[in-house]
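Dear colleague,

Here is the structure I said I would hand over. My notes on the aromatic and nonpolar side chains follow it.

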Amino acid sequence: KDPYPVKPGVSWAFQEMGQKEGVHYEYNKTERTLYHLNGSLIYMRSAEEPDNLPGPDLGWFWIDEPREIPKEVFLYLQPTLRHPGGPRQGWITGTPAGRAHWWRQFWFPKQYAKEFELPEPPLSPGRYITYYAHTKDNPHLPKEFFQAQVAIYGENTPLARQELCGEEVILEGLVYENWDPSIHIVPVEDWPVKQPSVVVAGVDFGFTNPCAILVEGYHDGMRFLMDEVYRRGLSEIDLVEIAKGLRDKHQIEYFICDPSDPRWIGALVTAGLPALPATRRLGNVWEPTSGIGLCHAMLNRRTPEGKTAFFVAPHLVNFRREVETWVHERIPGFRDPSERPRKKGDHLMDCWRYIEAFLQRFCPEGITIGSSTIPFTASISPSPVSP
């Protein structure tokens, strides 16, 4: 039995073009080569043996289904594109394997570096072009096949978006697997309210890492993510000016801040901004009172009519990137720990947790301190030490 079953597929393809084996082409089973009547010699090689790939001068190569193929295969094949008479092109076809897969380091280097907080790589030589194709648009597949796939993967789950729509998502260890952009991202003009009754901002300080601010509104149990800031190298003066602009624009009543550096909180308070230290407890999705648990619950929140009660403005691209790539620190059984996405890109995720924990602790009807209830519209004196 041929351990490299390429002949049936090749024979079928040539048959579709009206060509016959022995007349238009010859397939050598021992050498795993195909010789065509126009003089082309095609090598059939397994990616499981990358050491056998270097050597020939190729006019083109084609890697099919790179999901389980190591990066070394691509690195070995690149320098073989040196045949003077060929187009010198490399093709990769297949279903995406997640945002952390090696192929995105070459086709989307800047985006990959940003998502996983890596140094931006130097520009690679050559041109890298991407074509996306949805399964439902394949004219050679029966409709029943696509419907069966939808029944297996769901309508708009992360798995369906990867397998049927060609999107790069992270599936293994994803924290907010219930995030659904088709439901949660809604144009601002279609929101049920124009100005939420309460607006709070979460702040995650940083200098080398990005400084992040997330603006969230509350209204009758609904949540509205209204604005974001995501910038590196901000000074205290820059941060204060940006925070003031957000406060005036969105009528922000409190800034809930990363408590790890009271100096930054003090700078906001000195500038007259109502800044409070956040509760930092991370928790898990199954702990409904923890930071992650509260955020997870917000994504599932629905109105009495069954519609979403969590809205995200379309321009919050950094929030979407983080919520779709943030994974648990430890992923049991991950096949290759060295390639596991690192727990990075969580700056706006921290902001979101700070806000939800604050709203849970201090109900929207008012902030209860001892036996007194202070309404949100009242002016309280925030402290950089304790809320």
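On the surface, Tyr35, Leu41 and Tyr43 make up a nonpolar patch, and together they have about 300 Å² of accessible area. Please keep in mind that the model is predicted. Tyrosine 43 belongs to strand β3 (residues 41-43). Its relative accessible area is 37%, so tyrosine 43 counts as partly exposed, the range for that class lying between 20% and 50%.

Next, the aromatic rings. Searching the whole structure gives 20 aromatic pairs. One of them is tryptophan 191 with phenylalanine 224, a tilted pair with 5.2 Å centre to centre and 45° between the planes. This pair links distant parts of the chain, 33 residues apart: tryptophan 191 lies in the loop between α7 (181-184) and β6 (198-204), and phenylalanine 224 lies in strand β8 (residues 222-231). Tryptophan 191 has 6% relative accessibility and is therefore buried; phenylalanine 224, at 0%, is buried as well.

Phenylalanine 224 also pairs with phenylalanine 311: the ring centres are 5.0 Å apart and the planes are at 10°, so this pair is stacked, the limit for stacking being under 30 degrees. Here too distant parts of the chain are linked, with phenylalanine 224 in strand β8 and phenylalanine 311 in strand β11 (residues 310-312), 87 residues apart. Both phenylalanine 224 and phenylalanine 311 are buried.

Finally, there is an aromatic cluster formed by Phe61, Phe74, Trp102, Trp103, Phe106, Trp107, Phe108 and Tyr128.

Regards

Definitions and conventions:
Residues numbered from 1 in each chain as written. Predicted model: local features only at pLDDT ≥ 70, side-chain atom pairs only at ≥ 80, totals over all residues. Heavy atoms only, no water. Phe/Tyr/Trp six-rings, centres within 6.5 Å; stacked < 30°, edge-to-face > 60°. Helix = DSSP H or I, 4+ residues; strand = E, 2+ residues; numbered from the N terminus. Buried < 20%, exposed > 50% of the residue type's maximum accessible area, 1.4 Å probe, protein only. Patch = residues over 30% accessible without salt bridge, like charges linked within 9 Å, V, L, I, M, F, W, Y side chains within 5 Å. Areas by Shrake-Rupley, 256 points an atom, 1.4 Å probe, with all protein chains shown as cover. Salt bridge = Lys/Arg side-chain N within 4 Å of Asp/Glu carboxyl O.
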